[in-house]
Amino acid sequence: MEMILYSGIYLVGVFVAAVSQVMLKKAAQKDHGSAVREYLNPLVMFAYILFFLTTLLTIYAYKVIPISLGPILEATSYIYITFFGVTIFKEKLGWKKAIALVLIIVGIVVYSFGIS
Amino acid sequence: MDPQPRKLNSHAIVLIALHVLLLVYSLCGFFSKNASRQPFMSFEFCAFYAGMLAILVVYAIGWQQILKRLPLTVAFANKAITVVWGIVWGAVFFQEPITPPMIAGAAIVMAGIVLFSIADGEERRAEDAGGEG
(Lines give C-alpha, C1' and ligand atoms only; values in the text may rest on other atoms or scores of the structure.)
Protein backbone atom coordinates (compact mmCIF):
# COMPACT_ATOMS: atom_id res chain seq x y z
CA MET A 1 0.00 0.00 0.00
CA GLU A 2 2.82 2.33 0.97
CA MET A 3 4.55 1.44 -2.31
CA ILE A 4 1.47 2.51 -4.28
CA LEU A 5 1.27 5.83 -2.41
CA TYR A 6 4.92 6.70 -2.96
CA SER A 7 4.75 5.53 -6.58
CA GLY A 8 1.86 7.98 -6.91
CA ILE A 9 4.04 10.76 -5.52
CA TYR A 10 6.74 9.90 -8.07
CA LEU A 11 4.12 9.93 -10.84
CA VAL A 12 2.93 13.39 -9.74
CA GLY A 13 6.56 14.51 -10.05
CA VAL A 14 6.80 13.12 -13.58
CA PHE A 15 3.52 14.84 -14.50
CA VAL A 16 4.61 18.21 -13.08
CA ALA A 17 7.93 17.87 -14.95
CA ALA A 18 5.95 17.30 -18.16
CA VAL A 19 3.87 20.42 -17.40
CA SER A 20 7.07 22.43 -16.98
CA GLN A 21 8.31 21.08 -20.33
CA VAL A 22 5.10 22.26 -21.99
CA MET A 23 5.54 25.71 -20.41
CA LEU A 24 9.12 25.90 -21.72
CA LYS A 25 7.92 24.90 -25.19
CA LYS A 26 5.17 27.55 -25.06
CA ALA A 27 7.75 30.13 -24.00
CA ALA A 28 10.11 29.05 -26.79
CA GLN A 29 7.38 29.72 -29.36
CA LYS A 30 7.12 33.38 -28.31
CA ASP A 31 9.48 36.13 -29.41
CA HIS A 32 10.93 37.67 -26.25
CA GLY A 33 13.03 40.34 -27.91
CA SER A 34 16.32 39.55 -26.22
CA ALA A 35 18.29 36.48 -25.18
CA VAL A 36 18.12 37.51 -21.51
CA ARG A 37 14.34 37.79 -21.63
CA GLU A 38 14.15 34.31 -23.15
CA TYR A 39 15.22 33.02 -19.74
CA LEU A 40 14.16 35.81 -17.38
CA ASN A 41 10.47 35.81 -18.11
CA PRO A 42 7.73 34.64 -15.71
CA LEU A 43 6.72 31.57 -17.72
CA VAL A 44 10.25 30.20 -18.03
CA MET A 45 11.16 30.97 -14.42
CA PHE A 46 7.95 29.35 -13.15
CA ALA A 47 8.68 26.31 -15.32
CA TYR A 48 12.14 25.96 -13.77
CA ILE A 49 10.74 26.37 -10.24
CA LEU A 50 8.24 23.59 -11.00
CA PHE A 51 11.05 21.40 -12.30
CA PHE A 52 13.07 22.12 -9.16
CA LEU A 53 10.11 21.02 -7.02
CA THR A 54 9.81 17.76 -8.93
CA THR A 55 13.37 16.85 -7.90
CA LEU A 56 12.28 17.12 -4.25
CA LEU A 57 9.17 15.02 -4.94
CA THR A 58 11.41 12.39 -6.52
CA ILE A 59 13.64 12.23 -3.45
CA TYR A 60 10.59 11.97 -1.18
CA ALA A 61 9.21 9.09 -3.28
CA TYR A 62 12.56 7.28 -3.17
CA LYS A 63 12.13 6.93 0.58
CA VAL A 64 9.99 3.91 -0.26
CA ILE A 65 10.17 2.97 -3.94
CA PRO A 66 13.19 1.05 -5.30
CA ILE A 67 15.65 3.02 -7.44
CA SER A 68 14.94 0.70 -10.40
CA LEU A 69 11.27 1.73 -10.42
CA GLY A 70 12.15 5.39 -11.09
CA PRO A 71 13.01 5.10 -14.81
CA ILE A 72 10.01 2.79 -15.32
CA LEU A 73 7.58 5.34 -13.84
CA GLU A 74 9.35 8.09 -15.78
CA ALA A 75 8.21 6.40 -19.00
CA THR A 76 4.71 7.75 -18.23
CA SER A 77 6.05 11.13 -19.38
CA TYR A 78 5.44 9.92 -22.96
CA ILE A 79 1.74 9.64 -22.08
CA TYR A 80 1.55 13.17 -20.64
CA ILE A 81 3.60 14.67 -23.48
CA THR A 82 1.30 13.02 -26.02
CA PHE A 83 -1.77 14.26 -24.15
CA PHE A 84 -0.46 17.84 -24.12
CA GLY A 85 0.67 17.49 -27.73
CA VAL A 86 -2.84 16.51 -28.83
CA THR A 87 -4.79 18.95 -26.63
CA ILE A 88 -2.55 22.05 -26.58
CA PHE A 89 -0.32 21.81 -29.65
CA LYS A 90 -2.99 20.14 -31.84
CA GLU A 91 -0.74 17.27 -32.85
CA LYS A 92 -2.23 14.06 -34.22
CA LEU A 93 -2.13 10.73 -32.41
CA GLY A 94 -1.23 7.92 -34.81
CA TRP A 95 -2.03 4.27 -34.12
CA LYS A 96 1.66 3.37 -33.65
CA LYS A 97 2.03 5.94 -30.90
CA ALA A 98 -1.18 4.72 -29.29
CA ILE A 99 0.15 1.13 -29.27
CA ALA A 100 3.46 2.40 -27.85
CA LEU A 101 1.67 4.12 -24.96
CA VAL A 102 -0.36 0.97 -24.25
CA LEU A 103 2.92 -1.02 -24.19
CA ILE A 104 4.39 1.44 -21.67
CA ILE A 105 1.36 1.10 -19.38
CA VAL A 106 1.29 -2.72 -19.69
CA GLY A 107 5.04 -2.82 -19.01
CA ILE A 108 4.65 -0.77 -15.82
CA VAL A 109 1.85 -3.07 -14.60
CA VAL A 110 3.89 -6.23 -15.36
CA TYR A 111 6.96 -4.68 -13.69
CA SER A 112 5.01 -3.84 -10.55
CA PHE A 113 4.18 -7.53 -10.06
CA GLY A 114 7.90 -8.19 -9.72
CA ILE A 115 8.50 -5.76 -6.86
CA SER A 116 8.55 -7.42 -3.48
CA MET B 1 51.16 -4.37 -36.69
CA ASP B 2 47.63 -4.10 -37.91
CA PRO B 3 46.90 -1.68 -40.68
CA GLN B 4 45.76 1.75 -39.50
CA PRO B 5 42.35 1.35 -37.86
CA ARG B 6 39.45 2.79 -39.76
CA LYS B 7 38.15 6.08 -38.52
CA LEU B 8 34.97 5.71 -36.55
CA ASN B 9 32.29 7.62 -38.35
CA SER B 10 30.97 10.65 -36.54
CA HIS B 11 27.50 9.12 -36.13
CA ALA B 12 28.97 6.26 -34.08
CA ILE B 13 30.95 8.65 -31.92
CA VAL B 14 27.84 10.72 -31.17
CA LEU B 15 25.94 7.54 -30.30
CA ILE B 16 28.69 6.48 -27.90
CA ALA B 17 28.71 9.97 -26.39
CA LEU B 18 24.93 9.74 -26.00
CA HIS B 19 25.24 6.46 -24.11
CA VAL B 20 27.95 7.82 -21.84
CA LEU B 21 25.66 10.76 -21.14
CA LEU B 22 22.69 8.48 -20.43
CA LEU B 23 24.86 6.39 -18.11
CA VAL B 24 25.80 9.51 -16.16
CA TYR B 25 22.15 10.68 -16.17
CA SER B 26 20.99 7.33 -14.78
CA LEU B 27 23.18 7.95 -11.72
CA CYS B 28 20.72 10.70 -10.81
CA GLY B 29 18.64 7.97 -9.18
CA PHE B 30 21.63 6.90 -7.11
CA PHE B 31 21.99 10.41 -5.67
CA SER B 32 18.23 10.84 -5.15
CA LYS B 33 17.92 7.51 -3.38
CA ASN B 34 20.86 8.32 -1.10
CA ALA B 35 19.47 11.79 -0.38
CA SER B 36 16.14 10.22 0.55
CA ARG B 37 17.89 8.21 3.28
CA GLN B 38 19.31 11.32 4.98
CA PRO B 39 17.51 13.74 7.32
CA PHE B 40 15.99 16.59 5.26
CA MET B 41 18.42 19.52 4.83
CA SER B 42 21.24 17.73 6.70
CA PHE B 43 24.75 18.12 5.26
CA GLU B 44 24.57 14.64 3.71
CA PHE B 45 21.16 15.39 2.20
CA CYS B 46 22.43 18.62 0.66
CA ALA B 47 25.57 16.92 -0.67
CA PHE B 48 23.60 14.16 -2.43
CA TYR B 49 21.00 16.65 -3.66
CA ALA B 50 23.76 18.88 -5.05
CA GLY B 51 25.21 15.82 -6.81
CA MET B 52 21.83 15.09 -8.34
CA LEU B 53 21.37 18.70 -9.53
CA ALA B 54 24.92 18.75 -10.94
CA ILE B 55 24.13 15.64 -13.00
CA LEU B 56 20.91 17.25 -14.28
CA VAL B 57 22.86 20.35 -15.39
CA VAL B 58 25.52 18.24 -17.15
CA TYR B 59 22.77 16.16 -18.74
CA ALA B 60 20.83 19.22 -19.98
CA ILE B 61 23.94 20.69 -21.61
CA GLY B 62 25.04 17.34 -23.06
CA TRP B 63 21.57 16.51 -24.36
CA GLN B 64 21.39 19.82 -26.27
CA GLN B 65 24.75 19.04 -27.88
CA ILE B 66 23.62 15.51 -28.81
CA LEU B 67 20.41 16.86 -30.39
CA LYS B 68 22.48 19.12 -32.64
CA ARG B 69 24.17 16.05 -34.06
CA LEU B 70 21.54 13.30 -33.89
CA PRO B 71 17.84 13.11 -34.81
CA LEU B 72 15.56 13.70 -31.80
CA THR B 73 13.90 10.35 -32.47
CA VAL B 74 17.16 8.37 -32.29
CA ALA B 75 18.15 10.17 -29.08
CA PHE B 76 14.78 9.44 -27.43
CA ALA B 77 14.75 5.79 -28.53
CA ASN B 78 18.18 5.26 -26.95
CA LYS B 79 16.98 6.91 -23.74
CA ALA B 80 15.11 3.67 -23.01
CA ILE B 81 18.44 2.26 -21.80
CA THR B 82 18.04 4.20 -18.54
CA VAL B 83 15.48 1.55 -17.54
CA VAL B 84 18.26 -1.06 -17.65
CA TRP B 85 20.67 1.16 -15.71
CA GLY B 86 18.03 1.70 -13.03
CA ILE B 87 17.79 -2.06 -12.49
CA VAL B 88 21.60 -2.44 -12.52
CA TRP B 89 22.21 0.38 -10.00
CA GLY B 90 19.42 -0.95 -7.79
CA ALA B 91 21.08 -4.38 -7.65
CA VAL B 92 24.67 -3.10 -7.34
CA PHE B 93 24.26 -0.25 -4.85
CA PHE B 94 21.07 -1.08 -2.95
CA GLN B 95 20.84 -4.89 -3.20
CA GLU B 96 17.43 -4.65 -4.84
CA PRO B 97 16.26 -8.04 -6.16
CA ILE B 98 15.82 -8.60 -9.90
CA THR B 99 12.76 -10.73 -10.65
CA PRO B 100 11.38 -12.20 -13.92
CA PRO B 101 8.32 -9.87 -13.97
CA MET B 102 10.67 -6.88 -13.58
CA ILE B 103 12.73 -7.98 -16.60
CA ALA B 104 9.60 -8.69 -18.66
CA GLY B 105 7.98 -5.38 -17.63
CA ALA B 106 11.17 -3.41 -18.34
CA ALA B 107 11.45 -5.03 -21.79
CA ILE B 108 7.82 -4.11 -22.60
CA VAL B 109 8.31 -0.50 -21.40
CA MET B 110 11.50 -0.20 -23.49
CA ALA B 111 9.70 -1.62 -26.55
CA GLY B 112 7.02 1.03 -25.99
CA ILE B 113 9.58 3.85 -25.78
CA VAL B 114 11.38 2.69 -28.95
CA LEU B 115 8.09 2.27 -30.87
CA PHE B 116 6.96 5.71 -29.67
CA SER B 117 10.21 7.27 -30.91
CA ILE B 118 9.99 5.50 -34.29
CA ALA B 119 6.36 6.62 -34.72
CA ASP B 120 7.32 10.17 -33.75
CA GLY B 121 10.12 10.17 -36.34
CA GLU B 122 7.75 8.97 -39.05
CA GLU B 123 5.18 11.64 -38.17
CA ARG B 124 7.83 14.38 -38.27
CA ARG B 125 9.13 13.20 -41.66
CA ALA B 126 5.58 13.10 -43.01
CA GLU B 127 5.00 16.67 -41.77
CA ASP B 128 8.30 17.89 -43.24
CA ALA B 129 7.39 16.32 -46.58
CA GLY B 130 4.06 18.13 -46.45
CA GLY B 131 2.20 14.83 -46.66
CA GLU B 132 -0.81 13.78 -44.71
CA GLY B 133 -0.66 12.15 -41.28
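How many helices and how many strands does chain A have? I counted six helices and zero strands in chain A, where helices (DSSP runs of H or I, at least four residues) and strands (E, at least two) are numbered from the N terminus. I noted at the outset that this is a predicted model, in which local features need pLDDT of at least 70, side-chain atom pairs count only at pLDDT 80 or more, and totals for chains, interfaces and linings use all residues. Residues are numbered from 1 along each chain as its sequence is written, while chains are lettered from A and ligands numbered from 1 in the order in which they are written.

**Entry 1: chain A**

I read the elements of chain A from the N terminus as α-α-α-α-α-α. Its C-alpha trace spans about 55 × 35 × 15 Å along the principal axes. I then looked up burial, for which a residue is buried if 20 or more other C-beta atoms lie within 10 Å of its own, exposed if 12 or fewer, and partly exposed in between, with C-beta atoms placed from the backbone. Of the 116 residues in chain A, 29% are buried. For contacts I used C-beta atoms, placed from the backbone, within 7 Å. Among contacts in chain A between residues at least 6 apart in sequence, 76% join residues at least 24 apart.

I also checked the backbone at A:Lys90, which has a positive phi of about 55° although it is not a glycine. A:Lys90 sits in the loop between helix H5 (77-87) and H6 of chain A. A:Lys90 counts as exposed because it has 7 C-beta neighbours inside 10 Å.

**Entry 2: chain B**

I found six helices and zero strands in chain B, in the order α-α-α-α-α-α along the sequence. The radius of gyration of chain B is 19 Å, well over the 14 Å that the globule rule gives for 133 residues, so chain B is more spread out than a compact globule. That radius is taken over C-alpha atoms, and the globule rule is 2.2 Å times the number of residues to the power 0.38. The C-alpha trace of chain B spans about 55 × 50 × 30 Å along its principal axes. Buried residues make up 30% of the 133 residues in chain B.

I next recorded the division of chain B into domain 1 (1-70) and domain 2 (71-133), with bounds that come from an automatic or database domain assignment. The C-alpha centres of these two domains of chain B lie 17 Å apart. Their contact takes 12 residues from domain 1 and 13 residues from domain 2. On the side of domain 1 of chain B that touches domain 2, the elements giving two or more residues are H1, H2 and H3 of chain B. H1(B) supplies the largest share of that side, six residues.

**Entry 3: helix H3 of chain B**

What does H3(B) pack against through its buried residues? I identified those buried residues as B:Phe48, B:Tyr49, B:Met52 and B:Ile66. They pack against H3 of chain A together with helix H1 (10-26), helix H2 (28-36) and helix H4 (72-78) of chain B. H3(B) covers residues 43-69, 27 residues in number, and reaches 39 Å from its first C-alpha to its last, close to the 39 Å expected at 1.5 Å a residue; the expected span is 1.5 Å times one less than the number of residues.

In the loop between H2 and H3 of chain B I located B:Met41, which has a positive phi of about 70° although it is not a glycine. B:Met41 counts as exposed because it has 8 C-beta neighbours inside 10 Å.

**Entry 4: the contact between the chains**

I recorded 31 residues from chain A and 36 residues from chain B in the contact. On the side of chain A, helix H3 (42-61), helix H4 (69-74) and helix H6 (95-113) each give two or more residues. The largest share of that side, 13 residues, comes from H6(A). That side of chain A divides into 19 nonpolar, eight polar and four charged residues, where Ala, Val, Leu, Ile, Met, Phe, Trp, Tyr, Cys and Pro count as nonpolar, Asp, Glu, Lys and Arg as charged, and the others, Gly among them, as polar.

**Entry 5: the core**

I looked up the largest nonpolar core, which has 46 residues; such a core is a set of buried Ala, Val, Leu, Ile, Met, Phe, Trp, Tyr and Cys residues joined through C-beta atoms within 7 Å. The residues with the most contacts inside this core are A:Ile72, A:Ile104, B:Ala106, B:Val109 and B:Ile113. Helix H6 (residues 100-128) of chain B gives the most to this core, with eight residues. Leaving aside neighbours within four places in sequence, A:Ile72 is in contact with A:Ile108, A:Tyr111, B:Val83, B:Gly105, B:Ala106 and B:Val109.

Methods. Contact = placed C-beta atoms within 7 Å.
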